[in-house]
Amino acid sequence: MEKIQIIYPMFPLVFLTLFSLAHYNRVFSREHKNDNIKSEWFRLYKGELPDSAIMVREHYKNLFELPIFFFLLCTILFLLDRVESIDIILAWIFVFFKILHSFVRLTTNNTRKRAHSFTICYFALLFGWIHLVFKLIVY
């Protein structure tokens, strides 16, 4: 197993984050132009926001929560040269369901579907970390 393969799943999440930032800016610019977000909000981040702005803001913030642990895990596996097939499978599962989670959040925002995809992401990441700790203790 080539250790570089653990890096590949990181790219889609980087691009998802960059896309989400562009989408965030687009929504906030539109809402500000339509006078739905007051200029004062941008100075102190206080005040009312329309639902569309809240949704993209929360989505963007979410991309700096669980995925940080994903990036860290992939980097540690790469640097320690401890990449196994199961690590790559878990990484791609995490990425697939994180993208699905984002898609649902930005379209239908169906909380049940979001919860399912989030749960799968969570457990894929948890198993990845448990597997790493096990490898470090046992090997």
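Let's begin with Lys3, whose charged end sits over the ring of Phe78, 4.4 Å from the ring centre (NZ of Lys or CZ of Arg within 6 Å of the centre and within 35 degrees of the ring normal). Keep in mind that this is a predicted model, where local features need pLDDT of at least 70, side-chain atom pairs count only at pLDDT 80 or more, and totals for chains, interfaces and linings use all residues. Residues are numbered from 1 along each chain as its sequence is written, and side-chain values use heavy atoms, leaving out hydrogens and water.

Now to the aromatic pairs, of which the structure holds 12 (rings of Phe, Tyr and Trp, the last by its six-membered ring, with centres within 6.5 Å; planes under 30 degrees apart are stacked, over 60 edge-to-face, the rest tilted). Tyr24 and Phe28 are stacked because their ring centres are 4.5 Å apart and their planes meet at 20°. Both belong to helix H1 (residues 10-33), 4 residues apart, about one turn of the helix (helices are DSSP runs of H or I, at least four residues, numbered from the N terminus). Phe28 also forms a tilted pair with Trp41, at 5.2 Å centre to centre and 40° between the planes. That pair joins distant parts of the chain, as Trp41 lies in helix H2 (residues 39-44), 13 residues from Phe28. Phe28 is buried at 4% relative accessible area, and Trp41 is buried at 3% (buried means under 20%, with a 1.4 Å probe and protein chains only). Ring pairs link Tyr24, Phe28, Trp41, Phe42, Tyr45, Tyr60 and Phe64 into a cluster.

Definitions and conventions
Helix = DSSP H or I, 4+ residues; strand = E, 2+ residues; numbered from the N terminus. Buried < 20%, exposed > 50% of the residue type's maximum accessible area, 1.4 Å probe, protein only.
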